[in-house]
Amino acid sequence: DTPFAFSEGWNLQKNSFDAMVVLNQDIKSVTLVGAYIGKGNGAFATVQNADNFQPYHGGNGHGTYAVGAMTNFIAGLPINAWYYNVGNTADAFWVDGAYTLKLADDMNVGLGAQYGGMMPDATGAGDTAGYAAKVAGKIGMFNVMAAYSSVDDDGKASLALANTATGFKKTKLYTAGI
């Protein structure tokens, strides 16, 4: 489950992958991730063919490579960084961090930030960059959140900051549910 390659459950069948993932936790408070996704059913999952695994991104056979670092050097402040090479489609990056401060047993406040980009391989296609920020909290039995996001597509962008596994349809930006 990464910012630009993740399973979605909105269909009858969750998308899944033929993939390899390698994790390394030799560095204290850091998890390094290396992944290769060769095939998936996300863009093709229907009732009739949910088991129809297709080569990632139009059958070009190159798949998607991802490397990431998930850190927690400061307790309560996880910071994650990702880089992707999406076949012959694009290079992409994502960085996020969040901090939660517990004020009382039933009260906390949290801050979060996200920044990502897609750099398409296609000639003439513009890069896409975006960011989001949120403030969230819990007061008794109430959870509240305010979020803002902005995506700058320079008028030429062809790819969204979204899930490469399902044709760039869903995003992990904080405002995605709005």
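Biologist: Which strands supply at least two residues each of the lining of the largest pocket?

Modeller: Rolling a probe the size of a water molecule over the atoms shows where empty space is left. A pocket is an open set of points on a 1 Å grid over the protein atoms alone, where a 1.4 Å probe fits, with protein on both sides within 12 Å along at least five of seven lines; lining residues have an atom within 4 Å of a point. Here β1, β2 (30-40) and β4 (64-74) each supply at least two; strands are DSSP runs of E, at least two residues, numbered from the N terminus. The model is predicted: local features need pLDDT of at least 70, side-chain atom pairs 80 or more, while totals for chains, interfaces and linings use all residues. Residues count from 1 along each chain as its sequence is written, and side-chain values use heavy atoms, without hydrogens and water.

Biologist: Which residues lie nearest the centre of the largest pocket?

Modeller: Asp1, Thr2, Ala5, Val21 and Ala35, among 14 lining residues.

Biologist: How many salt bridges does a search of the whole structure find?

Modeller: A salt bridge is a side-chain nitrogen of Lys or Arg within 4 Å of a carboxyl oxygen of Asp or Glu. The search finds two. In one, Lys172 meets Asp1 at 3.0 Å, N to O. Lys172 lies after β9 (142-152) and Asp1 before β1 (17-24), so the pair ties together parts 171 residues apart in sequence.

Biologist: Is Asp1 buried or exposed?

Modeller: Exposed, at 73% relative accessibility. Buried means under 20% relative accessible area, exposed over 50%, partly exposed in between (1.4 Å probe, protein chains only). Lys172 is partly exposed, at 31%.

Definitions and conventions
Helices (H or I, at least four residues) and strands (E, at least two) are DSSP runs, numbered from the N terminus.
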